[in-house]
Amino acid sequence: MNKEITTAVATIGLAQLLKFPLNKQATGQWNWKSVIESGNMPSSHSAGVTALATYVGLKKGFTSVDFALAAVFGMIVMYDAQGIRRQAGELSIKVNHLDDEIERLAGHDRHAAHEEEDRKLKEMLGHQPREVFAGALLGAFTGALSYLLNKN
């Protein structure tokens, strides 16, 4: 694998691993699922694309076509993470709440009508702007560090 891909993938993995202790800090509970789930702090999408763009910019130059492609790709990914994906997650919260209300109004016990967890839509899809920003900071750091370590 080339160093750019290795840097981006390693940064995505690091961001996902950081979600474990950060989730514990935020909720007070250890949740191993946070390592493989989307959403939460920091955005691994933002971290990966920023690490890639940073490494490419330092290696090829910030005026190169390679950097331009990586940067535009990264901006689209980060916009999507905090925009469209976040809105889809918020819509899922409302749909799940509506489903709970229908069950309650119908007089069903929460667990009698169906297995609740199986029918619920995934609510954590996107990121808050601060999560995207934190991922971008992590990516800029790891991209620069990787470039410096591999400069020879």
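Predicted model: local features only at pLDDT ≥ 70, side-chain atom pairs only at ≥ 80, totals over all residues.
Residues are numbered from 1 along each chain as its sequence is written, and side-chain values use heavy atoms, with hydrogens and water left out.

Now the overall picture. The chain has six helices and zero strands, and from the N terminus on the elements run α-α-α-α-α-α. Helices here are DSSP runs of H or I with at least four residues, strands are E runs of at least two, and both are numbered from the N terminus. Of the 152 residues in the chain, 37% are buried. By buried I mean under 20% relative accessible area; exposed is over 50%, and partly exposed is in between, with a 1.4 Å probe and protein chains only.

Let's go to helix H6, residues 129-149. H6 has 21 residues and reaches 30 Å from its first C-alpha to its last, close to the 30 Å expected at 1.5 Å a residue; that expected span is 1.5 Å times one less than the number of residues. Which residues of H6 are buried? They are Glu131, Val132, Gly135, Ala136, Leu138, Gly139, Thr142, Gly143, Ser146 and Tyr147. As a reminder, an α-helix has 3.6 residues a turn, so residues three or four places apart point the same way. The buried residues of H6 pack against H1, H2 and helix H3 (65-82).

Take H1 with H6. They pack at an angle of about 135°, with their axes 10 Å apart. Axes are lines fitted to C-alpha atoms, for helices over the stretch in contact, and angles run from 0 to 180 degrees between N-to-C directions. That makes H1 oblique to H6: under 35 degrees counts as roughly parallel, over 145 as roughly antiparallel, 65 to 115 as roughly perpendicular, and the rest as oblique. The crossing of H1 and H6 is right-handed, a term used when the near helix is turned clockwise from the far one by less than a right angle, with anticlockwise being left-handed. On the H1 side, Thr7, Thr11, Leu14, Ala15 and Leu18 meet Leu138, Gly139, Thr142, Gly143 and Ser146 in H6.

Next, H2 with H6. Their axes come within 7 Å and cross at roughly 35°, and this crossing is right-handed too. From H2, the residues that meet H6 include Ala47, Thr50, Ala51 and Thr54, and their partners in H6 include Gly135, Gly139 and Gly143.

How do H2 and H3 pack? Their angle is about 165°, and their axes are 9 Å apart. That makes H2 roughly antiparallel to H3, and H2 passes H3 in a left-handed crossing. Among the H2 residues here are Val49, Ala53 and Val56, and the H3 residues they meet include Phe67, Ala70 and Gly74.

Two single residues deserve a moment. Ser44 sits in helix H2. Is Ser44 buried or exposed? With 6% relative accessibility, Ser44 is buried. Setting aside its neighbours within four places in sequence, Ser44 is in contact with Ile12, Ala15, Gln16 and Lys19.

Met41 lies in the loop between H1 and H2 and is partly exposed, at 23% relative accessibility. Not counting residues up to four places away in sequence, Met41 touches Lys19, Leu22, Arg130, Glu131 and Ala134. Met41 and Gln128 are 87 residues apart in sequence, yet 8.6 Å apart in space, C-alpha to C-alpha.

Finally, the aromatics. Rings of Phe, Tyr and Trp (its six-membered ring) pair if their centres lie within 6.5 Å; planes under 30 degrees apart count as stacked, over 60 as edge-to-face and the rest as tilted. By this rule there are three aromatic pairs. One of them is Phe20 with Trp30, a tilted pair at 4.7 Å centre to centre and 35° between the planes. Phe20 is in helix H1 (residues 3-27), and Trp30 is in the loop between H1 and helix H2 (44-60), ten residues apart. Phe20 is buried at 12% relative accessibility, whereas Trp30 is exposed at 55%.

Phe62 and Phe67 also pair: their ring centres are 4.9 Å apart and their planes are at 75°, so the pair is edge-to-face. Phe62 is partly exposed at 49% relative accessibility, while Phe67 is buried at 18%.

Notes. Contact = heavy atoms within 4.5 Å.
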